[in-house]
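Here are my notes for you on this model, point by point. Have the structure open while you read, and click on each residue as it comes up.

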Amino acid sequence: MSVVQEFKTFISRGSVIDLAIGVVIGGAFGKIVSSFVEDIILPPISLLTSGVNLSEAGIVLKEAAKAGDPVIAIRYGNFFQVILQFFIIAASVFLVIKAVNRLRQPAPAPAASPPEPTNEEKLLTEIRDLLKR
């Protein structure tokens, strides 16, 4: 089997296509969550912290020596923002998986009546009842 034929077989599997679709949708969902955190959640937090832009908050270790040099800082604000995005994505994925699992569950089976006793069980029950008398 040639490499091209093996690749065609590999690509035509449903799971590979599903994975590709999942990656594309996941990337788009990540952008939506980033925008939600940056544009919806962080502005009120910034308002509560007297106008501090939380994504740029940090501890400056070394100031820029001249214009154009980078400032060396520990940017804990950006770290906080990424953690917030992670929790929103994790909660969303949890809710989606929970919904999918609920849809996949089979309908509850009706309560089955107990099986009819065998002839041997009927005979033993009669003997037991006779011995009780």
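1. Start with residues 16–37: this span is 100% helix and 0% strand, and its end C-alpha atoms lie 31 Å apart. Residues 79–97 are also 100% helix and 0% strand, with 27 Å between the end C-alpha atoms. Helices here are DSSP runs of H or I with at least four residues, strands are runs of E with at least two, and both are numbered from the N terminus. UniProt, in an unreviewed entry, lists 16–37 and 79–97 under "transmembrane region". Its positions are given in the numbering used here, feature names are shortened, and annotations may be inferred rather than shown by experiment.

2. Before going on, a word on what you're looking at. This is a predicted model, where local features need pLDDT of at least 70 and side-chain atom pairs count only at pLDDT 80 or more, while totals for chains, interfaces and linings use all residues. Residues are numbered from 1 along each chain as its sequence is written, and side-chain values use heavy atoms, with hydrogens and water left out.

3. Now for the inside. The largest nonpolar core has six residues: Val 33, Val 37, Leu 42, Leu 54, Ala 57 and Ile 88. Helix 2 (residues 14–48) gives the most to this core, with three residues. A nonpolar core means a set of buried Ala, Val, Leu, Ile, Met, Phe, Trp, Tyr and Cys residues joined through side-chain atoms within 4.5 Å.

4. Which residues does Leu 42 contact, leaving aside its neighbours within four places in sequence? They are Val 37, Leu 54, Phe 80 and Gln 81. Contact means heavy atoms within 4.5 Å.

5. (Buried is under 20%, exposed is over 50%, partly exposed is in between, with a 1.4 Å probe and protein chains only.) Neighbours within four places aside, Gln 81 touches Val 37, Glu 38, Leu 42 and Ser 55.

6. Gln 85 is found in helix 3 (residues 76–104) as well. Is Gln 85 buried or exposed? With a relative accessible area of 13%, Gln 85 is buried. Again setting aside neighbours within four places in sequence, its contacts are Val 33, Ser 34, Val 37 and Glu 38.

7. Compare that with Lys 31, which is found in helix 2. Lys 31 is exposed, at 64% relative accessible area. Try the distance tool on Lys 31 and Ala 112: they are 81 residues apart in sequence and 50 Å apart in space, C-alpha to C-alpha.

8. Strand 1 (59–62) and strand 2 (72–74) each supply at least two of its residues. Ile 74, in strand 2, is partly exposed at 46%.

9. Last, the charges. How many salt bridges does a search of the whole structure find? Two. A salt bridge puts a side-chain nitrogen of Lys or Arg within 4 Å of a carboxyl oxygen of Asp or Glu. One joins Lys 122 and Glu 116, with the closest N and O atoms 4.0 Å apart; Lys 122 is partly exposed at 38%, whereas Glu 116 is exposed at 63%. Arg 128 and Asp 129 also meet in a salt bridge, 3.3 Å from N to O.
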